[in-house]
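Please look through the notes below alongside the model. They are meant for someone meeting this structure for the first time.

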Amino acid sequence: KMASTAAGKQRIPKVAKVKNKAPAEVQITAEQLLREAKERELELLPPPPQQKITDVEELNDYKLRKRKTFEDNIRKNRTVISNWIKYAQWEESLKEIQRARSIYERALDVDYRNVTLWLKYAEMEMKNRQINHARNIWDRAITTLPRVNQFWYKYTYMEEMLGNVAGSRQVFERWMEWQPEEQAWHSYINFELRYKEVDRARTIYERYILFTLLVIVHPDVKNWIKYARFEEKHSYFAHARKVYERAVEFFGEEHMDEHLYVAFAKFEENQKEFERVRVIYKYALDRIPKQEAQNLFKNYTIFEKKFGDRRGIEDIIVSKRRFQYEEEVKANPHNYDAWFDYLRLVESDTDAETVREVYERAIANVPPIQEKRHWKRYIYLWINYALYEELEAKDAERTRQVYQACVELIPHKKFTFAKIWLLYAQFEIRQKNLPLARRALGTSIGKCPKNKLFKGYIELELQLREFDRCRKLYEKFLEFAPENCTSWIKFAELETILGDIDRARAIYELAIGQPRLDMPEVWISFAQFELSAGREESLSRCRQIYEEANKAMRNCEEKEERVMLLESWRNFEEEFGTDTTKERIDKLMPEKIKKRRKLQAEDGSDAGWEEYYDYIFPEDTANQPNLKLLAMAKLWKKQQQESEAAEVDPDKDIDES
């Protein structure tokens, strides 16, 4: 227990106390320390003394000491190969080749996988012209480490430098048995070409192509291209064409590469086979996706500019744009603007069947939501399709089928498009098929009545001079939309043109009796109708209508409409009235005043003030005494300001102030 207590209480070393804590007189900065250290580095140290060996004993003693040092280093750490290499190079510098060779062998026993060790060993033998020893080392190296390409390159280069072509070829053959990478095969081919052995080089290419087919899962196109260019370079054009054809057949349509077809086309271009070039380019462009064929398009365009006519250049440009539009509509089938551009392109350059195919693909992309705003662009695809069939293809039956399919597709219970119904009816009229046109418009009014449909149908019957049908249509129209003042006016004008004054007056009287119809246009049109009737009581009848209209519109919220009525009445009185009637209408005219009102934003916050004009009618002033009081207050304030200005400067003209 005492021992454990003593062990736990360890003595803490004493720290020397600093007696004088005042700062030193001379302060040394870190910058000064660094500067002094740098200056000391620049000081030239004296070179070590040179040792001169004068006799053999001193030389042997020096060798013994150095060898002992090297051996001690090796003994301390055998795996550090740099120690072995330094030791062997030192022995080599003394021309002790046998000793150096022994050191390398000992090092190889330690680490035979070290590439640098083999290279230094072989270089030593070659440097000292020990050729057979070097061959022996290279043989051992490539046998031990056959996947190190550097050994094979060095070995073949040595044999070639010695002029031993057969030996170098033999080394290459041994190397090829290991199925090395691409560069090794090309080195072997270049070796044979240096000695004009074209047939041997061709055989090597064939072996390499066979190797890529059997071993490599996805062989590269560039090897086939190099083989074909090799044949072309040596003027074996038939062989080169055969290589390209084999490559196209091998890769097929699943792994097509634009580089192969560009090289093939350029080869045929060099052989002046321009038709074959066009066939190659078109075959590739029809099968390779657009994003992978940019270089192909570019080269095809250059070729057509060099050797083609204007039609060929236009074809390639159109083909390129077609690829672009195809990619756009594939990415977003509901991009109708892209479909319009695509259709405009195909209509200008292709046959009718192709255009119809694109139109069918376009109209198949029905908007997913049944809301009219999503259908507005889509419906024009149908319209353009029908117009193309009628005007370009001259096929009336297909045009009729397009219109019928379109009107069946539109969800008429939710919304419709009057434009498509009217275009369909106009088409049938151009085809001199009036019953079908009337049936189409009648169906449209029955399914989905709209103002535009009624107006179009009435205009059609007016052009055909079918006035009884026009009357029936106006009656249906007014039953559907009795608040439409334009319809009442047009109906009455029609009866006026036809000379049926009583029917026209009755229509006007029905119109002004409608509770939802408070538009001044009907009253004004009624008054002008009575004025143009040419009877003696026309003026009084016209004035009476204005009177009734003014009474009817006193409670109208839109004061501008009543002002419009009064201005029309005043114009009438100025032309046909007396002084009394003119004075009376002037008294009915309102006063135009400027007002301000507070604005609010959508979130309820204050958005400032705006100025607007309001109209105060005489009867409003009489009914609202506050307005009269306000006017009197303004007049009193103005008089007060004028009197104050006169007291300050009595000589000054008050008007000028």
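The points below go from the whole chain to single helices, salt bridges and one surface patch.

1. Basis. This is a predicted model, in which local features need pLDDT of at least 70 and side-chain atom pairs count only at pLDDT 80 or more, while totals for chains, interfaces and linings use all residues. Residues are numbered from 1 along each chain as its sequence is written, and side-chain values use heavy atoms, with hydrogens and water left out.

2. Whole chain. The chain has 34 helices and two strands; these are DSSP runs numbered from the N terminus, helices being H or I with at least four residues and strands E with at least two. Of its 657 residues, 37% are buried. Buried means under 20% relative accessible area, exposed over 50%, and partly exposed in between (1.4 Å probe, protein chains only). The accessible surface comes to about 42100 Å², 50% of it belonging to carbon and sulfur atoms. These areas come from the Shrake-Rupley method with a 1.4 Å probe; for residues, only the protein chains shown count as cover.

3. Contacts. A contact means heavy atoms within 4.5 Å. Among contacts between residues at least 6 apart in sequence, 47% join residues at least 24 apart.

4. Helix α3. The 21 residues of helix α3 (residues 56-76) should span 30 Å at 1.5 Å a residue, and the end C-alpha atoms are 30 Å apart, which agrees. The expected span is 1.5 Å times one less than the number of residues. Its buried residues are K63, R67, F70 and I74. They lie on the same side of α3, because they cover an arc of only 65° around the axis; the arc is that of the directions from the helix axis to the C-beta atoms. This buried set packs against α4 (81-93) and α5 (97-110). On the face turned away from the buried side are the exposed residues E57, L64, K68, R75 and K76.

5. A buried glutamate. E231 belongs to helix α12 (residues 221-233). Its relative accessibility is 1%, so E231 counts as buried. Leaving aside residues up to four places away in sequence, E231 touches R202, Y236, H239 and A240.

6. The whole structure holds 33 salt bridges, each a side-chain nitrogen of Lys or Arg within 4 Å of a carboxyl oxygen of Asp or Glu. One of them joins E160 and R194, with the closest N and O atoms 3.0 Å apart. E160 is in helix α8 (residues 149-161) and R194 in helix α10 (residues 182-194), so the pair ties together parts 34 residues apart in sequence. E160 is buried at 13%, whereas R194 is partly exposed at 47%.

7. Salt bridge within a helix. E353 and R356 meet at 3.2 Å, N to O. Both sit in helix α19 (residues 352-363), three residues apart, which means that about one helical turn separates them. E353 is exposed at 54%, while R356 is buried at 11%.

8. R373 forms a salt bridge with E371, the closest N and O atoms being 3.1 Å apart. R373 is exposed at 61% and E371 partly exposed at 34%. Salt bridges that share partners also join E353, R356, E389, D395 and R398 into one network.

9. Surface patch. V26, I28 and L33 make a nonpolar surface patch of about 320 Å². Patches consist of residues with over 30% relative accessible area and no salt bridge, like charges being joined within 9 Å and nonpolar side chains (Val, Leu, Ile, Met, Phe, Trp, Tyr) within 5 Å. L33 is part of helix α2 (residues 30-41).
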